[in-house]
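Q: Could you take me through how charged pairs and strand order are read from a set of coordinates, going step by step?

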Amino acid sequence: MKGLIKGNAVAVLASGPSLTVEDIDLLRAHKVPMIAVNSTWKVCRDCIGIYAGDYRWSKSYGPEIDIDAPRYSRSKNAEKHHNAKFVRSRVKGQYNSGQMAVEVAFLKGASQVIMLGFDCSVKNGIHHHGPHKRSPNPNPERCRRWVGMFEQLKRTHKKANVVNCSRYTELEVYPVRPLEDVLCELG
């Protein structure tokens with residue numbers, strides 16, 4: 001995965017309901033490598049990695065993964081029992097899987113991270129793939145905490161080039177821009 005990321009723009013696809021197949025198709029057309037967060041791999045089967053931060057998700061959903069993409073986690077148990085590569089975060093304190101997937105892209109040398117599906121809200125639904133049945137789902141309080149976690153990520157990785165291209169988002173820690181504009185700049 002590192003060879004596909006180092007020096008390139010990389011998209012991180014979270015599970016927010018604003019993520020669309022059309023967005024994923026635009027990324028493919030521009031040959032932007034994609035990292036899927038949790039169950040998003042199901043709509044992006046050509047992703048170059050899957051990030052699931054907690055053991056509970058890996059235990060419940062990891063056995064369903066039927067694509068050949070490396071798995072990453074902040075859980076030593078996921079590494080031990082579910083073939084996930086442990087990633088040590090530089091961010092202190094709490095984390096969420098989307099935040100950590102963005103950090104994985106930084107740590108692997110991405111020149112830019114394009115965020116999609118980072119709604120940080122339940123106003124338009126829970127996930128683009130429906131609710132988790134065996135893992136916690138977002139709620140308003142959890143969404144508010146995520147914003148603080150991204151603020152900590154930004155403080156930790158001050159020089160990281162990140163743009164949030166989510167079609168709907170309440171996460172304004174990073175610049176929010178239309179995906180089409182960012183892809184035009186990439187060429």
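The dialogue below turns to salt bridges and then to the sheet of this predicted model.

Q: What is the general idea behind a salt bridge, and how many does a search of the whole structure find?
A: Side chains of opposite charge can pair when their charged atoms come close. In this predicted model, a search of the whole structure finds seven salt bridges.

Q: Which residue forms a salt bridge with Asp25, and how far apart are the closest N and O atoms?
A: The partner of Asp25 is Arg28, and the closest N and O atoms of the two are 2.9 Å apart. Both residues belong to helix H2, which covers residues 21–29, and they are three residues apart, about one turn of the helix. Asp25 is partly exposed, with a relative accessibility of 38%, and Arg28 is also partly exposed, at 32%.

Q: Where does Asp46, which also forms a salt bridge with Arg28, lie?
A: In the salt bridge between Asp46 and Arg28 the closest N and O atoms are 2.7 Å apart. Asp46 lies in the loop between strand S2 (34–37) and strand S3 (49–51), whereas Arg28 lies in helix H2, so this pair ties together parts that are 18 residues apart in sequence. Asp46 has a relative accessible area of 39% and is therefore partly exposed.

Q: Which parts does the salt bridge of Arg167 and Glu180 tie together?
A: The side chains of Arg167 and Glu180 meet at 2.8 Å, N to O. Because Arg167 lies in the loop between strand S7 (162–164) and helix H7 (179–186) while Glu180 lies in helix H7 itself, the pair ties together parts that are 13 residues apart in sequence. Arg167, at 44% relative accessibility, counts as partly exposed, and so does Glu180, at 34%. Salt bridges with shared partners also join Asp23, Arg167 and Glu180 into one network.

Q: Turning to the sheet, what is the order of its strands, and which are the edge strands?
A: The sheet is open and has seven strands with parallel pairing, in the order S5-S4-S3-S2-S1-S6-S7. Its edge strands are S5 (84–86) and S7, each of which pairs on one side only. From one strand to the next, the twist averages 25 degrees.

Q: How many bridges join strand S4 to S5, and which residue stands opposite Ser73?
A: Strand S4, residues 71–73, runs parallel to S5 and is joined to S5 by three bridges. Opposite Ser73 stands Phe86, which is in S5.

Notes. Residues are numbered from 1 along each chain as its sequence is written. This is a predicted model: local features need pLDDT of at least 70, side-chain atom pairs count only at pLDDT 80 or more; totals for chains, interfaces and linings use all residues. Side-chain values use heavy atoms; hydrogens and water are left out. A salt bridge is a side-chain nitrogen of Lys or Arg within 4 Å of a carboxyl oxygen of Asp or Glu. Helices (H or I, at least four residues) and strands (E, at least two) are DSSP runs, numbered from the N terminus. Buried means under 20% relative accessible area, exposed over 50%, partly exposed in between (1.4 Å probe, protein chains only). Two strands pair if DSSP finds at least two bridges between them. Axes are lines fitted to C-alpha atoms, for helices over the stretch in contact, and angles run from 0 to 180 degrees between N-to-C directions.
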